[in-house]
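Let's take a friendly walk through this protein, starting with its strands and moving on to its aromatic rings. Keep the picture open as you read.

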Amino acid sequence: HDKDACVQREEFCCRWRSHSAIMFLNDDSVDVELQFTGGNFFFAENRFGHDQSLVTPKCGRLVGFTSGAENWHGVKHVDSGERFVAAIWYTTESQHAYDHNTLAFYDD
């Protein structure tokens, strides 16, 4: 098992996603409680992770890309701490859009 494998599968589950974004919510900043090592996001030439282009996590950094097979991607192993991100997906297909009137956040 390759711990740094790409996350996309041969059978892509959500073909309606046109664009994706990852927002880093922490990094190796001054706040020791929020630090982590490893966990670099990467783009790869193919699903096996070859020819990687690394994106170093930085709090507030947004990585946006089209969601097709042209952007194989994954995450390197997190060596220590916890990595926090917000994953965001967009669509250009109205039948898959969320009804903003029904979205709500609940506080437990």
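In this predicted model, strands β1 and β5 run antiparallel and are joined by five bridges.

Is β1 largely enclosed or open? Six of its eight residues are buried, so β1 is largely enclosed by the rest of the structure.

Now for the rings. A pair of aromatic rings is described by the distance of the centres and the angle of the planes. Searching the whole structure turns up three aromatic pairs. Two of them are listed here:

| Pair | Centre to centre | Angle between planes | Type |
|---|---|---|---|
| F41 and F43 | 5.2 Å | 80° | edge-to-face |
| F43 and F65 | 5.3 Å | 85° | edge-to-face |

The pair of F43 and F65 links distant parts of the chain: F43 belongs to strand β3 (residues 41-44) and F65 to strand β5 (residues 62-66), 22 residues apart. Together, F41, F43 and F65 make up one aromatic cluster.

Are F41 and F65 buried or exposed? Buried means under 20% relative accessible area. F41 has 3% relative accessibility, so F41 counts as buried. F65, at 8%, therefore counts as buried too.

Finally, look for charges over rings. R17 lies over the face of W89, 4.0 Å from the ring centre. The charged end of K76 sits over the ring of F42, at 5.5 Å from its centre.

Notes:
Residues are numbered from 1 along each chain as its sequence is written. This is a predicted model: local features need pLDDT of at least 70, side-chain atom pairs count only at pLDDT 80 or more; totals for chains, interfaces and linings use all residues. Side-chain values use heavy atoms; hydrogens and water are left out. Rings of Phe, Tyr and Trp (its six-membered ring) pair if their centres lie within 6.5 Å; planes under 30 degrees apart count as stacked, over 60 as edge-to-face and the rest as tilted. Buried means under 20% relative accessible area, exposed over 50%, partly exposed in between (1.4 Å probe, protein chains only). Helices (H or I, at least four residues) and strands (E, at least two) are DSSP runs, numbered from the N terminus. A charge sits over a ring if NZ of Lys or CZ of Arg is within 6 Å of the ring centre and within 35 degrees of the ring normal. Two strands pair if DSSP finds at least two bridges between them.
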